[in-house]
Amino acid sequence: MKRTLSLLLCVALLLTLLSACQEPASESTATVSPTVAEIEWTVGELARMAFEHSGYEDDDLEFLYADLDCETITFYIENVYGLQDLWEDAAVFRATGMSAFEIAVLCMEESTTATQAVTALEDYIANRQGDFVGYAPAEADMVANGRIIQDGPFVALFICPDTDGASEVVTQALKGEILPKPEPTIPADAITDVKELRDWLVSYCGIEVTSLELLDNSDLNTLDAYIMDSYGLNRGQWMDCAIARGTDDFAFEVAVMTGANNWALSSDVRKCLDWYLNSKQLLFQDDAEQKSMLSQAMSFTAVAGSEEYVYTVLLACKDAEQTATAFDRTAGTLGITFSERNEEFREEDPNYPGRIMFVQPNKIDMSFYDTTSIRAAWKTGDVSELSSYDREIYDAAKVVLNEVLKEGMSDLEKEIAIYNWLVSNVNYDGAYQDVMEETSGESATPYGGLVNRTAICLGYITTFQLLMDLAEVECITIAGASFASQEDHGWNMVRLDGDWYCTDVTWDANRQAWGGGGEKDWRFFNITSDDMAATDHQWDYANTPEAITTGSGWG
């Protein structure tokens, strides 16, 4: 999302200073009612009513409640909406994956601060639309048709298919009209028993039960002792629990625990589980496979469908985030709040001050597609030995290079032509961002970039590498990370006249697609290693060329 938080704060301050002018805002998306009836609804109930009338049918939602996880929703409201300490209660229902759907209901301190919130949310809608323009047009349209209403201190945001239905039901409730309170519903096929959920998790992860130790209330003394000794939790912090854990050199572990629907208590429990996972990770430093699994381990909190209690779940397994999402659906919970335990691993590299320590996340296979045969065929002109798959890549590459390269071009001019073609013609495969969808393997290869014209970062960078190789410009591909070494990411380095430069064609392609830059207005083209580190890139600093030359190769 492209937004300037400081600008929002300035706007809010300016509104405060000019409030005496009493001039109505022009072309506002907000509807303001003149009076406020005495409200008996909670913001969570208002948000749920809006959701039920929103016309949104998918279930890939994250539910944020101030009374359940104040820290998370505070961070969201401050950093996404740009509202600082102006609200008293809030609930946000937002889609995960690649949907723009979002409903938020905020109770502000007073009507004046509610006016400021309206302005901030209008700005949010404008910027949110830019995230989808040229990338997901239907989502961009839904954002453009978003609506905001204000009633006294209450402000509500609706980005959904049916803004009329969602906003009308909240407006009626705020006016004091009698409406039935929404009742929490639990899917008929939901699993709610902790032992059944534990066994379902084991089955979902494909683990043989015979290779695990099972702990549950069938032996309460052993269960109590393990939870106290390993997790550091006393009996008053949980109600029921079931655990499946590997023994000896197998780090697998899942635990499903119930507790009171109390944010402070569930937050403390999750912190204890995070501490346990961090400690466990240190025990497997010499086992690459187990260490990799533990680096992705997490704990999360999920509100039961009845809202009477919460689940706190520990996952030390492969594809933990995907497993957590599947748990949410299976248990019929009202959304999950993920652990932030990996924040503790965002340490600075002592040998490279100012750079975050690099640890390959290994969430995906960062192997690069082997283009040896394609490059050999290019040199000889003999394509007879190419597989049909590589022949399609070869033919597509030939078309592109014939289109963009001209005789007498310098290496820099060749690079610009190839980079511009990729940024302008290859779409990012949004399925990769949604744990509910399977990303095509072709999107990680030059086939995705050249034939399908759809790729993830591996597809972009291997396509760039291949085209640069065929154009005879020196280039290498980097398997690195982003998001403080929590997400796998890759990019390229190019050597021009003996000097190395860094390029991230994936991020520039997305930036341009989302309206963040015009043609050749590139942020990550031929920049220095320090520039890369400053924009959330991490890599093997010691064994990678250092790009120190500025000027993007122009000399």
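The legends below describe an overall view and several close-up views of one predicted protein model.

Residues are numbered from 1 along each chain as its sequence is written, and side-chain values use heavy atoms, with hydrogens and water left out. Because the model is predicted, local features need pLDDT of at least 70 and side-chain atom pairs count only at pLDDT 80 or more, whereas totals for chains, interfaces and linings use all residues.

**Figure 1. Overall view of the protein chain.** The protein chain contains 18 helices and 18 strands; these are DSSP runs numbered from the N terminus, helices being H or I with at least four residues and strands E with at least two. Of its 555 residues, 51% are buried. Here, buried denotes under 20% relative accessible area, exposed over 50%, and partly exposed the range in between, with a 1.4 Å probe and protein chains only. The accessible surface of the chain is about 25,500 Å², and carbon and sulfur atoms contribute 49% of that surface; areas come from the Shrake-Rupley method with a 1.4 Å probe, and for residues only the protein chains shown count as cover. Among contacts with a separation of 6 or more, 65% join residues 24 or more positions apart, a contact being heavy atoms within 4.5 Å.

Figure 2. Helix α13 covers residues 388–404, and its 17 residues should span 24 Å at 1.5 Å a residue; the end C-alpha atoms lie 25 Å apart, which agrees. The expected span is 1.5 Å times one less than the number of residues. The buried residues of α13 are Asp390, Ile393, Tyr394, Ala396, Ala397, Val400, Leu401 and Val404. They pack against α12 (372–380), α14 (411–425), α15 (446–452) and α16 (457–470). In general, an α-helix has 3.6 residues a turn, so residues three or four places apart point the same way.

**Figure 3. Leucine 401 within helix α13.** Leucine 401 belongs to helix α13 and is buried, at 5% relative accessibility. With residues up to four places away in sequence not counted, leucine 401 touches Trp378, Ile418, Leu467 and Leu470. Alanine 417 stands 16 residues from leucine 401 in sequence, and the C-alpha atoms of the two are 8.9 Å apart in space.

**Figure 4. Two aromatic pairs.** The whole structure holds 25 aromatic pairs. The rings of tyrosine 81 and tyrosine 124 are edge-to-face, because their centres are 5.1 Å apart and their planes meet at 70 degrees. This pair links distant parts of the chain, with tyrosine 81 in helix α3 (residues 70–81) and tyrosine 124 in helix α4 (residues 111–130), 43 residues apart. Tyrosine 81 is buried at 0% relative accessible area, and tyrosine 124 is buried at 0% relative accessibility. Tyrosine 369 and tyrosine 389 form a tilted pair, 5.9 Å centre to centre with 55 degrees between the planes. Here tyrosine 369 lies in the loop between β12 (336–338) and α12, while tyrosine 389 lies in helix α13, 20 residues apart. Tyrosine 369 is partly exposed at 25% relative accessibility, as is tyrosine 389 with a relative accessible area of 24%. Rings of Phe, Tyr and Trp (its six-membered ring) pair if their centres lie within 6.5 Å; planes under 30 degrees apart are stacked, over 60 edge-to-face and the rest tilted.

**Figure 5. An aromatic cluster and two charges over rings.** One aromatic cluster is formed by Phe51, Tyr56, Phe63, Tyr65, Phe93 and Phe101. Arginine 235 lies over the face of tryptophan 238, 3.8 Å from the ring centre. Arginine 523 likewise lies over the face of phenylalanine 524, at 5.4 Å from the ring centre. A charge sits over a ring if NZ of Lys or CZ of Arg is within 6 Å of the ring centre and within 35 degrees of the ring normal.

**Figure 6. Two residues with positive phi.** Most residues other than glycine have a negative phi. Aspartate 497, although not a glycine, has a positive phi of about 50 degrees. Aspartate 497 is placed in the loop between β16 (487–496) and β17 (499–503) and is exposed, with a relative accessible area of 79%. Asparagine 526 has a positive phi near 55 degrees. Asparagine 526 occupies the loop between α17 (505–513) and α18 (529–534) and is buried, at 2% relative accessibility.

**Figure 7. Isoleucine 548 in the segment after β18.** Isoleucine 548 is found after β18 (537–538) and is exposed, at 67% relative accessibility. Leaving aside neighbours within four places in sequence, isoleucine 548 contacts Trp500 and Thr528. Aspartate 531 is 17 residues from isoleucine 548 in sequence and 9.4 Å away in space, C-alpha to C-alpha.
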